[in-house]
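Hi everyone, thanks for coming. I'd like to walk you through a protein, one spot at a time, so please have a look at it with me.

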Amino acid sequence: MSSRTLNLTEQLYQYLLDVSVKETAVQKTLRIATQGMQQSNMQIAPEQGQFMAFLVKLTGARKCLEIGVFTGYSALSVAQALPADGKIIACDVNQEWTDMARTYWRNAGVEKKIDLRIAPAIETLQQLLDDGGQSSFDFAFIDADKTNYDRYYESTLRLLRSGGLIVIDNTLWGGDVANIRVQDEDTRAIRELNKKLLNDRRVDMTLLPVADGLTLVRKL
Ligand code: SAM
Ligand code: CA
């Protein structure tokens, strides 16, 4: 028995999936279809999708933001957990991947809940702020280009209501954040944001070793 977080073996990870992950048929087909793509490692893990859906239900979120859609698995997981009048504004720059996402959202009957904005996310976030969206979002997921993470965080924090939740993906970045010899731009950006979040008095935060590291941030 250990009091620190387990290092999951293949066998134990498979067990975790077997005894806890309940995907819908559309989630499963989307996950498998994405696995056949060259960029498949960008997709979130199924237990992470389920955890995010759980958070959405737990917090009663209705108005959500997603930064980084890819083929749509995370947005699908969140959309399925939202009430019928719930909404996600989803940001991405890639038409091809998000066309694929739309097909699966339609198959799952959640397409109407997802407002996809194809533009650099910084521009979409600024537009939402210009349109008076400040303090109006309940939940946000940040999972796009890592060098812009801090800018996404700052804009999202303004868009979030007090008590709202931001989920930031890849905050353990395959372990590279802890390896000082790794100094590429993506790693440094995540490392800097992690450091900043620890001392950010505007929020409560916790970093969970779920998938590639998931930081939960609650706006005070
Ligand atoms: N959350 C997704 C999922 O569940 O499968 C994975 C997102 S993937 C890691 C990152 C996405 O960010 C890609 O689809 C990419 O096109 C998008 N992206 C990259 N740069 C962007 C930018 N400047 N603005 C908006 N989206 C961007
Ligand atoms: Ca990710």
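This is a predicted model: local features need pLDDT of at least 70, side-chain atom pairs count only at pLDDT 80 or more; totals for chains, interfaces and linings use all residues.

Okay, the answer. S74 touches I44, M52, E66, G68 and F141. You'll find S74 in helix α4, which covers residues 73-81. Is S74 buried or exposed? With a relative accessible area of 4%, S74 is buried, because buried means under 20%.

Which residues does L76 contact, if we skip the neighbours within four places in sequence? Those are V26, Q27, L30, W105, A108 and V110. Take A108 from that list: L76 and A108 are 32 residues apart in sequence, yet their C-alpha atoms are 8.0 Å apart in space.

Now to the ligand. There are 20 residues around ligand 1, and the ones that come nearest are G68, S74, D92, A121 and D143.

Let me show you some individual atom pairs. A polar backbone atom of F70 sits 3.1 Å from an oxygen atom of ligand 1. On the side-chain end, an N or O atom of D145 is 3.3 Å from a nitrogen atom of the ligand. And Y152 has a polar side-chain atom 3.4 Å from a nitrogen atom of ligand 1. How much of the ligand does the protein cover? On its own, ligand 1 has 610 Å² of accessible area, and the protein covers 89% of that.

Next stop is E23, in the loop between α1 (10-20) and α2 (25-35). E23 has a relative accessible area of 23%, so we call it partly exposed. Setting aside residues up to four places away in sequence, E23 touches K28, R31, P46 and Y73. Which of these have side chains joined to E23 by a polar contact? With R31, a polar contact of 2.7 Å joins the two side chains. With Y73, there is a side-chain polar contact of 2.5 Å. Also have a look at Q50: E23 and Q50 are 27 residues apart in sequence, and 7.7 Å apart in space, C-alpha to C-alpha.

Two packed helices are described by the angle between their axes and the distance between the axes. For α7 (residues 149-159) and α8, the angle is about 35° and the axes are 9 Å apart. Who meets whom there? From α7 it's Y149, D150, Y153 and E154, and from α8 it's L193, K196 and L197. The residues of this contact divide into four nonpolar, no polar and three charged.

What about the loops on either side of those helices? N148 is in the loop between β4 (137-142) and α7. N148 has a relative accessibility of 17%, so N148 counts as buried. Then there's D200, in the loop between α8 (185-198) and β6 (203-208). D200 is buried as well, because its relative accessible area is 10%. The side chains of D200 and R202 are joined by a polar contact of 2.8 Å. I180, in the loop between β5 (160-169) and α8, has 64% relative accessibility, so I180 counts as exposed.

Last thing, backbone angles. Most residues other than glycine have a negative phi. W173 is not a glycine, and it has a positive phi of about 45°. W173 sits in the loop between β5 and α8, and at 22% relative accessibility it counts as partly exposed. Where is A211? A211 is in the loop between β6 and β7 (214-219). Its phi is also positive, near 50°, and A211 is partly exposed, with a relative accessible area of 44%.

Methods: Residues are numbered from 1 along each chain as its sequence is written. Chains are lettered from A and ligands numbered from 1 in the order in which they are written. Side-chain values use heavy atoms; hydrogens and water are left out. Helices (H or I, at least four residues) and strands (E, at least two) are DSSP runs, numbered from the N terminus. Buried means under 20% relative accessible area, exposed over 50%, partly exposed in between (1.4 Å probe, protein chains only). A polar contact is a pair of N or O atoms within 3.5 Å; within protein, one must be able to donate a hydrogen and the other to accept it, and residues adjacent in sequence count only if both atoms are side-chain atoms. Axes are lines fitted to C-alpha atoms, for helices over the stretch in contact, and angles run from 0 to 180 degrees between N-to-C directions. Contact means heavy atoms within 4.5 Å. Ala, Val, Leu, Ile, Met, Phe, Trp, Tyr, Cys and Pro count as nonpolar, Asp, Glu, Lys and Arg as charged, and the others, Gly among them, as polar. A residue is near a molecule or strand if one of its heavy atoms lies within 4 Å of it. Accessible areas come from the Shrake-Rupley method with a 1.4 Å probe; for residues, only the protein chains shown count as cover.
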